[in-house]
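Visitor: Hi, I'm new to this one. Could you walk me through it?

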Amino acid sequence: MATLIHDRPEHVRLSAEGKPVTLLEAIREGIWEEMERDERVFLLGEDIGAYGGAFKVTEGMQERFGALRVIDTPISEIGFTGAAAGAAHMGMRPVVEMQFIDFISCAYDMITNYIATSRYRGSGGVPMVIRGPSGGGVRGGPFHSQNPEMAFFHTPGLKIVYPSTAYDAKGLIKAAIRDPDPVLFFEHKWLYRRPQLREVLPAEDYTVPLGEARTHREGTDVSIVTYAAMVHKSQEAAEQLQREDGLSVEIIDLRTLLPLDEEAILASVRKTNRLLVVHEDTRTGGIAGEIAMRVNEKAFEWLDAPILRVAALDAPIPYSPPLEDFFLPGVEDIVKAVRHLAAY
Amino acid sequence: MPNQTEAPPVEIPHALVRGDLLALYRYIRLTRTLEERLVNLHRQNKVVGGLFRSLGQEGESVASAFALRRRTDGTGDMLSPLIRNLGSMLVMGAEPVEVLRQYMAKGDSPARGKELNIHFTDYQRGFVGQISPLGDMVPVMTGVTLTFRQRGEERVGMVYLGEGATSTGAFHEGINFAAVQRCPLVVIVESNGYAYSTPTAKQSAVKAFVDKAPGYGVAGEQVDGNDVLAVYGAARRAVDRAREGGGVTLIEVITFRRLGHAQHDNQSYQSVEEIERWASTNDPLDRYVATLLGNGWASEADLAGLDTQVERELDDAIAVADASPLPQDEDTLLDVYADGPVPLPWTRHTLPDPARA
């Protein structure tokens, strides 16, 4: 491994050299290391080769691994997603990039009808990852800002990951690539290069198991269950609430939405007796509904207040800054909801 | 009758031998008879879902698949059939008893009761089960054959679709990507007159589906789908081209769907005369038998012997499939994920939550 590390270009040996990485760099290192580790791993997507991808996640990979392992595809989400499934049938471990995750909808049939059902139909597991830049807050407009995770949450056979930290992003992309089932891996582009998220990761290989939530912040008064960019908005709100109200807010970062770590949610609810679910995805049909139902089924008697949610508005994602800022859940929304719960 | 000893022997085309010709006959006969048996089982309510027939198309299914390199250890060529390609699957080694168990929804069927009819897979024998959204198998087989290229394996893929499925985005995206990557893929478009009830003219404005080939920069060939040896020849040329690095070929197979889309379909939209004309003058099995006998490649006795074999084989297979068990309730929960069954909530199928009793 040591010789390999010196063979790596500088931009993918930051962790190996003890330097801090952004969330994007963490994902890039994770993919690179998996490609080194397992020759079955290969990449498909638009402009991912010489150009290195719209966000440069795959920068330098085609040069190192060749055009048969880093494949520039035609603009055809059905075509390359289906092709990835076929390659997975043959024992490969494809990683598909959606240039923006908004375009995953073009492949909805292939993912939900073909890939997700394959194991059940007796055609074998489809070990593949579909990943891409997701989420709002970057003035991307209706088709470069979406959070379509819940469009797939209702499909048995899929796994859904949406990390919030560099450590988790690297460990989870590696676990996703090694997983025997299809994983949708959402990467929040507002977090990609945020300097505040830079951290020093272990120099050695590690994974973060799928299906396990993480306590992002310990607290005793109110639980916030959230994921992705909203973990950081919730953190900001929690600090403000601690400062101004003396409230102790616990934050559970789901990390994996499917399978949902029900036990982690229930344990936090039993501890604080108050639950706020925060998601950047739109309100109706968002994960808050499912979480509230699970708590209702299994921890109803532990609640001292109704479960609340803070989510994006039920609208397409608007472009103009005042509109997008109004559309997205903000720190003040979270603060207000937690105060309501604490006072209930 | 000319004296047989004086007549020059007719050479068998496409480097086939007499044993191949008889094998082709046997597969076509097996396909037709198996489907006839399935009709009986359907009438007895032993086939629990829909029943799809390939009457009139058995020849092209069998002959095209016969051009592939067939293995049982996962090193041969791969195909993905469509609903009227029972014959192709039998050629690749699917067993009648498997097909019967599938149609009868048995627990020991290849898909273990979770998926129906000929939607099943065996990577060792080389067939990938289709799903019902049409055109989807083209991208999937593009990926299968892309991996052959990635690994430098001299293997070929074949994917079937009806002319109706050429209207889908999946077909377009799949064949285009395969063409760009020069995947060793043979795309067989079966032009059989109807997609369910929709006639070809309502499906596409092209005069011939083979005309789509140049649009993707791939080789194209049109063939009389009810001429068994012509189909084999076309498929063989395409398979050889693919194996030699020549990339994708689109073969348009001209044939005719003589029965409805499925067993329930009364074909009210079709002309009886047209069906009758194809049945009486252009049946692939009749034509093939005439070729075999006319060229002296087989005798009536040879074919009758194979017919008897097929009947016996199917008698046995039906008895075995009929005795197969149905799946267990709890099997419902298995094989959604690799890491264990999905949960069975206490509000379903169980007594009230014991914790609250």
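This is a predicted model: local features need pLDDT of at least 70, side-chain atom pairs count only at pLDDT 80 or more; totals for chains, interfaces and linings use all residues.

Visitor: Is α5(B) mostly covered or mostly open?
Guide: Mostly covered: twelve of the 15 residues in α5(B) are buried.

Visitor: How many residues are in contact between the chains?
Guide: On the chain B side there are 36 residues, in contact with 32 residues of chain A. Two elements of chain B, α5 and α6, each give two or more residues to that side. The biggest contributor is α5(B), with ten residues.

Visitor: What kinds of residues are on the chain B side?
Guide: They divide into 19 nonpolar, ten polar and seven charged.

Visitor: Let's stay in chain B. What is the order of the strands in its five-stranded sheet?
Guide: The order is β1-β2-β3-β7-β6, in an open sheet with parallel pairing. At the edges are β1 and β6 (219–224) of chain B, each pairing on one side only. Neighbouring strands of this sheet are turned by 20° against each other on average, ignoring direction.

Visitor: How many bridges join β2(B) to β3(B)?
Guide: Six, and the two strands run parallel. As one example, B:Leu161 has B:Val189 in β3(B) as its bridge partner.

Visitor: And helix α1 of chain B, how does its span work out?
Guide: It holds 26 residues, 18–43, which at 1.5 Å a residue should span 38 Å; the end C-alpha atoms are 38 Å apart, so that agrees. Just after α1(B), B:Asn45 has a positive phi of about 60°.

Visitor: Now chain A. How is it divided?
Guide: Into domain 1 (2–200) and domain 2 (214–343). Taken over C-alpha atoms, the centres of these two domains of chain A are 27 Å apart. Their contact takes 25 residues from domain 1 and 23 residues from domain 2.

Visitor: Which parts of domain 1 supply that contact?
Guide: In chain A, α7 (150–153), β6 (159–161), α8 (166–178), β7 (183–188) and α9 (189–192) each supply at least two residues of the side of domain 1 that touches domain 2. The largest share, three residues, comes from β6(A). By class, that side of domain 1 has twelve nonpolar, nine polar and four charged residues.

Visitor: You mentioned β6(A). What does it pair with in the antiparallel sense over two bridges?
Guide: Its antiparallel partner there is β12(A). A:Ile160 has A:Leu258 in β12(A) as its bridge partner.

Visitor: Where do those strands sit in the sheet?
Guide: They are at one end of the order β3-β2-β4-β5-β7-β6-β12 in chain A, an open sheet of seven strands with mixed pairing. The edge strands, β3 (70–72) and β12 (256–258) of chain A, have a single partner strand each, so one side of each is left without a neighbour in the sheet.

Visitor: What does A:Val278 touch?
Guide: Not counting residues up to four places away in sequence, its contacts include A:Ile224, A:Met230, A:Val310 and A:Ile334. A:Arg13, on the other hand, is 265 residues from A:Val278 in sequence and 35 Å from it in space, C-alpha to C-alpha.

Terms used: Residues are numbered from 1 along each chain as its sequence is written. Chains are lettered from A and ligands numbered from 1 in the order in which they are written. Domain bounds come from an automatic or database domain assignment. Two residues are in contact if their C-beta atoms, placed from the backbone, lie within 7 Å. Helices (H or I, at least four residues) and strands (E, at least two) are DSSP runs, numbered from the N terminus. Ala, Val, Leu, Ile, Met, Phe, Trp, Tyr, Cys and Pro count as nonpolar, Asp, Glu, Lys and Arg as charged, and the others, Gly among them, as polar. A residue is buried if 20 or more other C-beta atoms lie within 10 Å of its own, exposed if 12 or fewer, and partly exposed in between; C-beta atoms are placed from the backbone. Two strands pair if DSSP finds at least two bridges between them. Axes are lines fitted to C-alpha atoms, for helices over the stretch in contact, and angles run from 0 to 180 degrees between N-to-C directions. The expected span of a helix is 1.5 Å times one less than its number of residues.
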